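Take a look at the structure first, and then we can walk through it together.

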Amino acid sequence: MCSSLIFLLFLLLLSSSSSSSSPSSSISLHSNINNMLPPDEADTLFKIMDSMSNDFTWRVSFPNPCQPSSSWPGIECKPGKDGFLHVSKLHFGSKPNPSCKYTATFPSQIFSLPYLQSLFFFNCFTHTQTTLSFSQNSNSSLQQLSLRSNPSLVGPIPPQLSSFKTLQILTLSQNRLIGSIPVKIFSLDSLLHLDLSYNLVTGTIPVQVGNLKNLVGLDLSYNSLSGSIPITIGQLGMLQKLDLSSNLVSGSIPDSIEQLGSLVFLALSNNKLRGRFPKGLAKLQSLQYFIMDNNPMFIPLPIEFGKLVKLQELRLVSSGYSGSIPPSFSQLKNLSSLSLENNRLTGEIPVGFATLSHIYHLNLSRNLLDGVVPFNATFLNRLGRNLELTGNPGLCLSPTEAYSVKIGIGISVCGSNKNGSLVHPFNKSEAAPSGSDQLSNSILIISIVALLVLSFFTFHN
């Protein structure tokens, strides 16, 4: 009986031990599976790596690239519902990511990686011309696609990009892409950032741009886009950055831009924009940077700029602005940089500019300004060489401030005639000698002559 009880207890212990070890075996087996790529995905990955980079013999050096001990910078893997790990990120070109070989061309099969979310190529395609191409089976998981600084990436922007419905960031900057912007791209309603800058893109900005309701950043700068800014730009209520600079954009800024209440950065330099500013310019209350150099505006400066109280930088260079500088500009208390050079501005510098306590760069050079510079020595010394006033013949600096300034600011010192009225200013170096200076010089000359005469008679005696 005793032996039977002992045997039963042994069986219970054995079954208990088996049941407790079973989950451990299951976890171990599951863990092994989770550290592996599916064979077909691994094969695709190694083909891509062999075509792109000579850094390693990838299959030999990293036989299981999703294992933490056998991965490389620039790759990330995530578990899928099928129990395998899958490639979710591939980055090339910038250290510590894999470098790209000279013969590298764009690997179209990369879009067949089913779980890929982030793809980045920086300075990869530099010697062998290649195009942005697609395989037949493209994944729908991609969220970020970035190809920057690839001078051998040529050809048009493919409309097939619109198949990536989850795409949030599309950066195709500093390549040599040509042609017009595919309208289909503007069906990507998940897009947050669109950057096509520094390419050879032509045509107009499609009106469908207004469909990108979630867009936060739009950069189309340094292309050859023409036509006007579409009215639909005002539908981008989330937009914080808009850069259309260095194109061939013409017409005027549409009134609908006043609806961009979240806009922080607006750059429109080096275009053919002309005419008036939007009526509701003052509604852009989030605006901190307004950069609009080199446009044929030929109008007075609008007083509405003074209502953009968050402005930190305002650039309106070489655009034919005329009339006086509005005193309302003195209300821009957060302004750190103001550039109005090379225009046709007249009148005096607003006295209120002296109260701009945050400003560190002020350029009013090459205008038609006149009168006395309204800045004290503290203001002048604080800005130093960051204050540019040259090229305004009627502008001068009061003598009191002029002799307290440590650094020359390139304008003349004011002088007065007998009636006390302002006369043409002169430089300190050109200043006429005073009466006391003239008397001292005369005495010195007489003394020298007397010494010469005395020496002559002494020698002959």
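Let's begin with a cysteine: Cys414 has a relative accessibility of 8%, so it counts as buried. Keep in mind that this is a predicted model.

The sulfur atoms of Cys396 and Cys414 sit 1.9 Å apart and form a disulfide. The link is right-handed, with 95° about the S-S bond. Cys396 belongs to strand β25 and Cys414 to strand β26, so the pair ties together parts that are 18 residues apart in sequence.

## The other disulfides

The whole structure holds three disulfides. Another one joins Cys66 to Cys77, at 2.0 Å from S to S. Cys66 lies in the loop between α3 and β1, while Cys77 is in strand β1, so this pair connects parts eleven residues apart in sequence. The torsion about their S-S bond is about -75°, so this disulfide is left-handed. Cys66 is buried at 9%, whereas Cys77 is partly exposed at 22%.

Cys100 and Cys124 are also bonded, with sulfur atoms 2.0 Å apart, and both residues are buried. Counted in sequence order, the bonded cysteines pair 1-2, 3-4, 5-6.

## The nonpolar core

Which residues touch the most other members of the largest nonpolar core? They are Leu90 and Ile110, in a core of 112 residues. Helix α2 gives the largest share, six residues.

Leu90 touches Ile110 itself, and its other contacts include Leu45, Met49 and Phe120.

Technical notes:
Residues numbered from 1 in each chain as written. Predicted model: local features only at pLDDT ≥ 70, side-chain atom pairs only at ≥ 80, totals over all residues. Heavy atoms only, no water. Core = buried A, V, L, I, M, F, W, Y, C linked by side-chain atoms within 4.5 Å. Buried < 20%, exposed > 50% of the residue type's maximum accessible area, 1.4 Å probe, protein only. Helix = DSSP H or I, 4+ residues; strand = E, 2+ residues; numbered from the N terminus. Contact = heavy atoms within 4.5 Å. Disulfide = S-S within 2.5 Å. Lists of a residue's contacts leave out its neighbours within four places in sequence.
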